[in-house]
Amino acid sequence: MKKQLLFLAMVLSAFFACRDDDDDSGIAYADYANLQVGNYWIYERYSLDTNGVYTSLNAFDTVFIEKDTLINGQSYAKRVGPDPFLNVNQPNRKKVASFLRDSLHYVVDHTGAVVLSSLNFTDTLLWRFDVDLHPPVPDTLVVVFDRMTDQNETASTPAGQFSTINNLRTIHYTKGWGPDQHMNRRYARDVGLVLEDLYAWISDPAKLVFGRRLVSYGRY
C-alpha cells in the first residue's frame, strides 16, 4: 500500500458501562491484567503465512511492570516492553511504555481507552478511523473497533493452556482493499496477556499476520 496513513485521531467511542472509581461496593472483579509491580512475561514471536503455517522468528520479547505512577491523580502501572508492531523480524526493538489501571471490571490506559473487560461482552470498547490526508478532501481508509469475545476459550502457548477472554479487533477497509481482518489479544485470569495475533497492515500480503505467545511469566 503506497498511501501514507496517518492516525488522525484515536476516536475513542468507548461505551463504558457506568464506572465509579470510588465504588465502595466491595465487589472483587477477576484480574486479567496482573498489573502488580515486578510481574513479567516472556513471549515468543512468530509469523503466519497465507497457508496458515506458523513460523517461529526465534526472537523473544520481555514485558514487565516497572513501577506505579500517578497521572491526573490516578495510579497507573507502567508496563514496559518492545512495540509488537515495529520491526517485527528484528531481534532487538525499541521498548515502549503503556500506562494501565483497573477500573472495576475494565482495564483502561491513561487516555481512557479500554484495553479489556472481564464482564462486558456486548459493547464496542474502542473505535477509531485512519485517514489519508493526500486527496483534496481527507478520505477515511480504515475503520477499527474492539469488542470482547470468546469467553472461557482455551488458548495453547508454550507456557501451557489457559482459559481466556479475547479482545477482538476488527479492521475494515473502506476502499475494498480486502476482507475485514481480525486481531486477537487473549488474556488469562491472574496471568495477563498470553497470546496475540496481529496484522502487520496490508503492505505485504504474504506476511499479514505475526504475533506473540507466552513462554513464561512470574515476578523478578
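In what sense do β11 and strand β12 (residues 192-199) pair, and over how many bridges? The two strands pair in the antiparallel sense, over 5 bridges, where pairing requires that DSSP finds at least two bridges between two strands. This is a predicted model, in which local features need pLDDT of at least 70 and side-chain atom pairs count only at pLDDT 80 or more, while totals for chains, interfaces and linings use all residues. Residues are numbered from 1 along each chain as its sequence is written, and side-chain values use heavy atoms, with hydrogens and water left out.

**The chain as a whole**

- The protein chain has 0 helices and 13 strands, where helices (H or I, at least four residues) and strands (E, at least two) are DSSP runs numbered from the N terminus.
- Of the 220 residues in the protein chain, 42% are buried; buried means under 20% relative accessible area, exposed means over 50%, and partly exposed lies in between, using a 1.4 Å probe and protein chains only.
- Among contacts between residues at least 6 apart in sequence, 52% join residues at least 24 apart, a contact being heavy atoms within 4.5 Å.
- The accessible surface of the protein chain comes to about 11,600 Å², and 51% of that surface belongs to carbon and sulfur atoms; such areas come from the Shrake-Rupley method with a 1.4 Å probe, and for residues only the protein chains shown count as cover.

**Strand β11 and its partners**

- Strand β11 (residues 181-188) is largely enclosed by the rest of the structure, because 7 of its 8 residues are buried.
- Strand β10 (residues 160-173) pairs with β11 in the antiparallel sense over 8 bridges, and Ile-171 stands opposite Gln-181 in β11.
- On the β12 side, Ala-188 has Gly-192 as its bridge partner.
- A hairpin is formed by β11 and β12, with 3 residues between them, and Asp-190 in the turn has a positive phi of about 65 degrees.

**Two buried loop residues**

- Asn-34 is placed in the loop between β1 (6-9) and β2 (39-48), and it counts as buried because its relative accessibility is 13%.
- Leaving aside neighbours within four places in sequence, Asn-34 is in contact with several residues, among them Trp-41, Asp-190 and Gly-192.
- A polar atom of the Asn-34 side chain lies 3.3 Å from the backbone oxygen of Val-191.
- Ser-118 is found in the loop between β7 (114-117) and β8 (126-132), and it is buried because its relative accessible area is 7%.
- Not counting residues up to four places away in sequence, Ser-118 touches Ala-30, Tyr-32, His-105, Gln-151 and Ile-165.

**Aromatic rings and charges**

- The structure holds 3 aromatic pairs, meaning rings of Phe, Tyr and Trp (its six-membered ring) with centres within 6.5 Å; planes under 30 degrees apart count as stacked, over 60 as edge-to-face and the rest as tilted.
- One of these pairs joins Phe-64 and Tyr-220 edge-to-face, at 6.1 Å centre to centre and with 85 degrees between the planes.
- This pair links distant parts of the chain, since Phe-64 in strand β3 (residues 54-71) and Tyr-220 in the segment after β13 (209-219) are 156 residues apart.
- Tyr-220 is exposed, because its relative accessible area is 58%.
- The charged end of Arg-79 sits over the ring of Trp-41, 5.5 Å from its centre, a placement that requires NZ of Lys or CZ of Arg within 6 Å of the ring centre and within 35 degrees of the ring normal.
- Arg-212 lies over the face of Tyr-43, at 5.2 Å from the ring centre.

Conventions. A polar contact is a pair of N or O atoms within 3.5 Å; within protein, one must be able to donate a hydrogen and the other to accept it, and residues adjacent in sequence count only if both atoms are side-chain atoms.
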